Amino acid sequence: MIQHLKRGKPADQLAQIDNNVRTTVEAILADIAARGDQAVREYSTKFDQWTPSSLRLSDEEIAACIASLPQQAIDDIRFAQAQIRRFAQIQLLSIRDVEVETLPGVVLGHKNIPMQSVGCYVPGGKYPLLASAHMGVLTAKVAGVKRVIACAPPYQGKPAPAIVAAMAMAGADEIYVVGGVQAVAMMALGTEHVEPVDMLVGPGNAYVAEAKRQLYGRVGIDLFAGPTETLVICDDSVDAELVAVDLLGQAEHGPNSPAICLTTSKQLAAELPAQIDNVLARLSTREVAGAAWRDYGQIILCDSDEEMLAEAERLCSEHVQVMTRDPAWFQQRMSNYGALFLGHRTNVSYGDKVIGTNHTLPTNRAGRYTGGLWVGKFIKTHTYQRILTDEASVMIGEVCSRLCALEHFAGHQEQADIRVRRMKA
C-alpha cells in the first residue's frame with residue numbers, strides 16, 4: 001500500500017503560466033522585433049543594470065576573462081568538457097545515414113544534417129551556471145553546427161569569467177553578455193547586428209522559459225522547461241542523511257522545485273524530516289531549498305519495489321536517483337523519466353556538472369514522450385527518394401494514380417499519370 005507521509009502542492013500548479021509573465025514576455029518580444037539592438041540594450045540596462053559599449057565580447061575581453069581564472073578552474077572546466085565531448089561523440093556515432101533499394105529500381109534514404117545556427121542561453125544572474133555552456137555550446141559543436149552563439153547575463157556587474165571561459169572553450173562563435181528575455185529574443189529574432197538562429201537551447205527562469213515557448217515554431221527549442229524535479233528511490237541500504245542531501249541538492253534550484261523520496265524503508269521515512277533540517281542548517285542555500293521542501297517535498301512509503309516502480313512511472317520525474325540494493329532492476333523496467341542516476345556512488349550533481357551526460361532534461365512529465373538534450377537534437381534527419389528505371393516509375397505510378405483517385409486529388413494523380421504515359425513501354 002502506498003502511503004503519502006508528506007505531501008506537496010499539486011503538480012498541476014507548477015505547470016500554470018502566470019498571466020503577468022505571459023504578457024510581459026509578449027511585450028518584450030514585440031518591442032525587440034520592432035526596435036532591435038536599441039530595445040535589447042534598454043532592457044539590458046533596465047533588468048541587469050548593464051550598458052557596455054558592446055554587448056558582444058571581443059576576443060581580447062574573452063581572453064581576459066579566461067586569464068582571470070585560477071589554473072585549477074581552467075583545468076576543471078577542461079576536464080568536464082572532455083567528458084561531455086567524449087560521450088556526445090559516442091552518441092554521434094550511433095546516428096547513421098541510410099540508403100536502401102526497397103524495390104527493384106526504387107531507392108529510399110535519409111541523410112542526417114546538422115543545423116546551421118544555434119543560440120545557447122546560460123543562466124548566470126544569481127548563480128554562474130557555467131555547466132549549461134558545456135551542455136549547449138559543446139554538444140552543438142560536436143553535432144557539427146556551424147554557428148553557435150551564446151548569451152549569459154552579467155554577474156555582479158560584469159561578465160562572469162567562468163561562464164565566458166566555458167563558452168569559449170566549448171567553441172562558441174559569438175559570446176554576448178545579455179540576460180533574460182532580451183537575450184532569447186535577440187538570438188531568435190535577430191537584430192541589426194545579430195543574425196537570427198535556427199534553434200534555442202538552455203535553461204532559465206520563468207520569463208526565459210515563457211519566451212522560448214512563445215518563440216517555438218519561429219525557431220526550434222530544446223525543451224519546454226519547468227522547475228527542476230528530483231525523485232530519490234531508496235530502500236534501507238542507504239541512510240536518511242544521504243537521501244536528504246540528494247533531495248535538497250536539487251531543491252536549491254528554486255522554491256518551487258519538487259523533491260520526492262520514494263522508499264520501502266519505514267525507518268528511513270521516519271528519520272528523513274529531521275535529517276532534512278540538519279542538512280538545511282549547513283547549506284548556504286537553505287532559504288530556497290527549505291521553501292521548496294516545505295511546499296513541494298514529498299515522502300512516499302511503499303510496501304515493495306513493484307509499488308515504487310509504479311509510483312515512479314506515474315511521477316515521471318526529471319531526475320531519478322535509484323539507491324537500492326539492485327538499481328539495475330529499476331533501470332530495466334522504467335520508461336518514464338528524464339535521466340537515471342543508479343546506485344549510491346553517483347548523484348544528480350555529477351550529471352549536472354561533469355560526468356558526461358547532458359543535464360538539459362524533460363520536466364512536467366514530458367519524459368513520457370521525449371528524452372533530454374543530446375547531440376541528436378542538433379541534427380535534422382531528411383529523407384530522399386530516387387527511381388532508377390522507367391519500369392520502376394511506372395510500377396509506382398500506376399498504384400499512386402489509383403490511390404490519388406480514391407482521394408479525389410486530380411493534380412496529384414496527373415503527376416503519376418504523366419510519367420506512366422511517357423515511360424510505359
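Helices H8 and H9 are roughly parallel to each other, because their angle falls in the class so named (under 35 degrees counts as roughly parallel, over 145 as roughly antiparallel, 65 to 115 as roughly perpendicular and the rest as oblique). The model is predicted, so that local features require pLDDT of at least 70 and side-chain atom pairs pLDDT 80 or more, whereas totals for chains, interfaces and linings use all residues. Residues are numbered from 1 along each chain as its sequence is written, and side-chain values use heavy atoms, with hydrogens and water left out.

H8 (residues 180-189) and H9 (residues 206-215) pack at an angle of about 25°, and their axes lie 8 Å apart. Here axes are lines fitted to C-alpha atoms, for helices over the stretch in contact, and angles run from 0 to 180 degrees between N-to-C directions. The crossing of H8 and H9 is right-handed; a crossing is given this term if the near helix is turned clockwise from the far one by less than a right angle, and is left-handed if anticlockwise. H8 is largely enclosed by the rest of the structure, because 10 of its 10 residues are buried (buried means under 20% relative accessible area, exposed over 50%, partly exposed in between, with a 1.4 Å probe and protein chains only). Among the buried residues of H8 are Gly180, Gln182, Met186, Met187 and Leu189. Just after H8, Gly190 adopts a positive phi of about 80°.

The crossing in which H5 passes H7 is right-handed.

In total, the protein chain contains 17 helices and 14 strands. These elements are DSSP runs numbered from the N terminus, helices being H or I of at least four residues and strands E of at least two. Of the 425 residues of the chain, 49% count as buried. The C-alpha atoms fill a box of roughly 85 × 60 × 45 Å along the principal axes.

An open sheet is built from 3 strands in the order S2-S3-S14, with antiparallel pairing. Strand S2 (98-103) and strand S14 (379-387) stand at the edges with a single partner strand each, so one side of each is left without a neighbour in the sheet. From one strand to the next, the twist averages 20°. S2 pairs with S3 (residues 106-114) in the antiparallel sense over 5 bridges; two strands pair if DSSP finds at least two bridges between them. Val100 stands opposite Leu108 in S3.

Across the whole structure, 3 aromatic pairs are found. Tyr43 and Phe47 form a stacked pair, at 5.9 Å centre to centre and 5° between the planes. Rings of Phe, Tyr and Trp (its six-membered ring) pair if their centres lie within 6.5 Å, planes under 30 degrees apart counting as stacked, over 60 as edge-to-face and the rest as tilted. Tyr43 and Phe47 are 4 residues apart in helix H3 (residues 37-48) and are thus separated by about one helical turn. Tyr43 is buried, with a relative accessible area of 14%, whereas Phe47 is partly exposed at 38% relative accessibility. The rings of Trp329 and Phe330 have centres 4.9 Å apart and planes at 80°, so this pair is edge-to-face. Trp329 is buried at a relative accessible area of 16%, and Phe330 is buried at 0% relative accessibility.
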